Amino acid sequence: MKENVISATVVTLLLFLNTCLLNGQLPPGKPEIFKCRSPNKETFTCWWRPGTDGGLPTNYSLTYHREGETLMHECPDYITGGPNSCHFGKQYTSMWRTYIMMVNATNQMGSSFSDELYVDVTYIVQPDPPLELTVEVKQPEDRKPYLWMKWSPPTLIDLKTGWFTLLYEIRLKPEKAAEWETHFAGQQTEFKILSLHPGQKYLVQVRCKPDHGYWSAWSPATFIQIPSDFIMNDTTVWISVAVLSAVICLIIVWAVALKGYSMVTCIFPPVPGPKIKGFDAHLLEKGKSEELLSALGCQDFPPTSDYEDLLVEYLEVDDSEDQHLMSVHSKEHPSQEREQRPAREAQGS
């Protein structure tokens, strides 16, 4: 009897499944959490992509728990973030805590679960675009003209506390150009640009990012028309400088050509050789040493022959003390020796 009941139940289930398959009714496909974003580190939202619905109405729910906890919680707000999303307000957001969450899809045929996603609010910050972008052309009288722009940070971010820092980036291009020109502005909310094409209509946008996180979307484009005389003053100055430089170069070339000098001689004149006052170089070429010494101011220098006599006299004396002292004395005073030598020769004779 029991076997008949079990067999009947199995057959009924098979028939039911067969009917469902013929009608295209299946359990829901696996959903996927593809993005979580916080605009200000105080709130955040997660979005998921649904799988196939199996041909039946499908309900989705997001459940989560914080790391270190076992109690599961369901999403507190399915409306604020739009369809297929879960929004966490301030009372549900904790800094430096990891959220572990997954999405459950259910219909009459069964259920399916997404993979678990680990989320730290600190690292999913993506602010809103900056606000109130203003662009103007400034043409001061005493300075070069420039393009001036100013903007405000997103309203959801509180920069007064100092624990949140925003960096800004600007991009602009002529209306018909394909590529953007990008400038990094740092933390300032004002910026100046000098190099622009006169007569062009420009598109300007700005975006921001936190110290940890992602760049925001670009702000709506702001259009600005650059006047045709935007850099006229600057161009006039450079033209004047170029004309003046050309005139100076022409004057120099004309002066050099008039005197018959070559440009190389004018720019790199020859280096003069060393000269001695009162010295005639021809004396050195003729080999006249007496005249050379005389020119150098050595008139009292003793002649070579006298020095040879003194040397011979010094070598011929004996080593008596008197003669030795006399030789030394004569060596020290050669002029006195010349005066005394005739007297000694007379005595010897």
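Arginine 49 and glutamate 32 are joined through their side chains by a salt bridge, with an N to O distance of 3.6 Å. Because arginine 49 belongs to strand S2 (residues 44-49) and glutamate 32 to strand S1 (residues 32-37), this pair ties together parts that are 17 residues apart in sequence. Arginine 49 is partly exposed, at 43% relative accessibility, and glutamate 32 is likewise partly exposed, at 44%. The model that shows this pair is a predicted one.

Side chains of opposite charge can pair when their charged atoms come close. Over the whole structure, a search finds 8 salt bridges. Among them is the bridge between the side chains of arginine 37 and aspartate 128, at 2.6 Å from N to O. This second pair links distant parts of the chain: arginine 37 is in strand S1, whereas aspartate 128 is in the loop between strand S8 (117-120) and strand S9 (131-138), and the two are 91 residues apart. Arginine 37 is buried, with a relative accessible area of 17%; aspartate 128 is partly exposed, with 27%.

A further salt bridge connects arginine 207 with glutamate 169, whose closest N and O atoms are 2.7 Å apart. Arginine 207 lies in strand S14 (residues 201-210) and glutamate 169 in strand S11 (residues 166-174), so this bridge ties together parts that are 38 residues apart in sequence. Are these two residues buried or exposed? Arginine 207 counts as buried at 19% relative accessibility, and glutamate 169 is buried with a relative accessible area of 14%.

| Salt bridge | Distance, N to O |
|---|---|
| Arginine 49 and glutamate 32 | 3.6 Å |
| Arginine 37 and aspartate 128 | 2.6 Å |
| Arginine 207 and glutamate 169 | 2.7 Å |

## Disulfides and other cysteines

A disulfide is a covalent bond between the sulfur atoms of two cysteines. The count for this model comes to 2 disulfides. One of them is formed by cysteine 36 and cysteine 46, with sulfur atoms 2.0 Å apart. The torsion about the S-S bond of cysteine 36 and cysteine 46 is about 110 degrees, and the disulfide is therefore right-handed. Since cysteine 36 is in strand S1 and cysteine 46 in strand S2, the pair ties together parts that are 10 residues apart in sequence. Both cysteine 36 and cysteine 46 are buried.

Cysteine 75 and cysteine 86 are also joined by a disulfide, with an S to S distance of 2.0 Å. For cysteine 75 and cysteine 86 the torsion about the S-S bond is about 110 degrees, so this disulfide is right-handed. Cysteine 75 is in the loop between strand S4 (73-74) and S5, cysteine 86 is in strand S5, and 11 residues separate them. Cysteine 75 is buried with a relative accessible area of 8%, and cysteine 86 is buried with 0%. When the bonded cysteines are numbered in sequence order, the pairing is 1-2, 3-4.

Two further cysteines may be noted. Cysteine 208 counts as buried, at 0% relative accessibility, whereas cysteine 249 is partly exposed, with a relative accessible area of 49%.

## Backbone angles

Most residues other than glycine have a negative phi. Lysine 41, however, has a positive phi, near 70 degrees. Lysine 41 is situated in the loop between S1 and S2 and counts as buried at 6% relative accessibility. Glutamate 132, which is not a glycine, has a positive phi of about 55 degrees. Glutamate 132 is part of strand S9 and, at 61% relative accessibility, counts as exposed.

## A nonpolar patch

Which residues form a nonpolar patch on the surface? The patch consists of Ile239, Val243, Val247 and Ile251, which together have about 360 Å² of accessible area. Valine 247 is in helix H2 (residues 232-259) and is partly exposed, at 40% relative accessibility.

## Confidence of the model

The mean pLDDT of the protein is 75, and 61% of its residues reach 70 or more. Over residues 18-22 pLDDT stays under 50, and the model has 3 contacts beyond four places in sequence for them. Over residues 310-318 pLDDT also stays under 50, and the model has 9 such contacts beyond four places in sequence.

Definitions and conventions:
Residues numbered from 1 in each chain as written. Predicted model: local features only at pLDDT ≥ 70, side-chain atom pairs only at ≥ 80, totals over all residues. Heavy atoms only, no water. pLDDT = per-residue confidence, 0-100. Contact = heavy atoms within 4.5 Å. Salt bridge = Lys/Arg side-chain N within 4 Å of Asp/Glu carboxyl O. Helix = DSSP H or I, 4+ residues; strand = E, 2+ residues; numbered from the N terminus. Buried < 20%, exposed > 50% of the residue type's maximum accessible area, 1.4 Å probe, protein only. Patch = residues over 30% accessible without salt bridge, like charges linked within 9 Å, V, L, I, M, F, W, Y side chains within 5 Å. Areas by Shrake-Rupley, 256 points an atom, 1.4 Å probe, with all protein chains shown as cover. Disulfide = S-S within 2.5 Å.
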